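Here is a short note for a colleague opening this entry. Please keep the structure in view while reading the points.

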Amino acid sequence: MDEQIYQKIVNKKEFSQLPPADVERVWKLFEKRETSEEDKIKLTRDLLRKIYFAFGSLKLLNKNILDKKSSEEILKKHISTKERFESYSELYSKLLNGFKGRVIDLGAGINGLSLGYFPKRIKYLGVEAVGQLVDLMNYFFEKAKNKNAIAVHESLFELEKIKKIIKEIKGEKIVFLFKTLDSLEMTERDYSKKLLNEIVPLVDKLIVSFATQSLISKTKFKVKRYWFENFVKKEFNVLGDFELGNERYIVLRKK
């Protein structure tokens, strides 16, 4: 990828700490279009926003927001977590009851700020491609003096690196993939299948979630996701499938 084009794309704050490989991956979707360079850059930025900032606020790109607002205030207002906020206690009780290992939260966003709703003694690792959100979560863990939680800056398209991170963790492991797969599919069709096939065998459970209604219009989605349901039923054991709030959760384990 041409360095000048890359710099033009990332000179806005929200893109400045995305993994370069992710920026290049999206750029390549438009690189050969018969249109101007400016249009291709705009298209790239627009898709990057849909993938990485559909649920976000630019205010969260500054970790010092935690000096002014509590984690609860942020979770209540953040586009993605505010609809999960009232369900956190019930959700984590359902998913983590009796679990004493580490949660690996892939595409974490700011979900690390919900650790106060976890059962005690559970360790947490958030994996997030937006560098500023990694800084925000780590600042929260630091302020809370939580030595069992950390966030790392990594792309979910770096599959070998993700697998290495998971393999290096000892003991019980549960992976969260909350509202993440649709974003991955925007960049590479069927990448979700590749990711799940590689990761599910490495962990005790993996929980996928999908939004069940539009964040803007509040209308129910009509998408049935037959491709996903048929895939997981063929490849994995489905331990649970339920809706809570405006989110559907599917619990998977290797066969």
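This is a predicted model: local features need pLDDT of at least 70, side-chain atom pairs count only at pLDDT 80 or more; totals for chains, interfaces and linings use all residues.

1. Start with I207: its bridge partner in β7 is V251. The pairing belongs to β5 (residues 205-211) and β7, which run antiparallel over 6 bridges.

2. Now take the other neighbour of β7. Strand β6 (residues 236-244) also pairs with β7 in the antiparallel sense, here over 8 bridges.

3. The hairpin of β6 and β7 has 2 residues between the strands. G245 takes a positive phi there, near 65 degrees.

4. How many of the 8 residues of β7 are buried? The count is 6, so strand β7 (residues 247-254) is largely enclosed by the rest of the structure.

5. Step back to the whole sheet. It is open, has 7 strands and shows mixed pairing. The order is β3-β2-β1-β4-β5-β7-β6. Which strands stand at the edges? They are β3 (149-153) and β6. Each has a single partner strand, so one side of each is left without a neighbour in the sheet. From one strand to the next, the twist averages 20 degrees.

6. A helix covers part of this sheet. Helix α10 (residues 226-235) packs on the sheet and touches β5, β6 and β7. The direction of α10 makes about 140 degrees with that of β6.

7. The largest nonpolar core holds 85 residues. Within this core, L96, F176, L177, L196 and L206 touch the most other members. Helix α6 (residues 131-143) supplies the largest share, 7 residues.

8. L96 deserves a look of its own. What does L96 touch, leaving aside residues up to four places away in sequence? The contacts are V103, F118, P119, I122, I174 and F176. F176 is itself among the core residues that touch the most other members.

9. Finally, check R45 in helix α3 (residues 37-52). R45 is buried, yet has no salt bridge. The nearest side chain of opposite charge is E14, 7.1 Å away. A salt bridge requires the charged atoms to be within 4 Å. Beyond residues up to four places away in sequence, R45 touches K8, I9, N11, K12 and F15.

Technical notes. Residues are numbered from 1 along each chain as its sequence is written. Side-chain values use heavy atoms; hydrogens and water are left out. A nonpolar core is a set of buried Ala, Val, Leu, Ile, Met, Phe, Trp, Tyr and Cys residues joined through side-chain atoms within 4.5 Å. Buried means under 20% relative accessible area, exposed over 50%, partly exposed in between (1.4 Å probe, protein chains only). Helices (H or I, at least four residues) and strands (E, at least two) are DSSP runs, numbered from the N terminus. Contact means heavy atoms within 4.5 Å. Two strands pair if DSSP finds at least two bridges between them. Lys and Arg count as positive and Asp and Glu as negative; His and the chain ends are not counted. Axes are lines fitted to C-alpha atoms, for helices over the stretch in contact, and angles run from 0 to 180 degrees between N-to-C directions.
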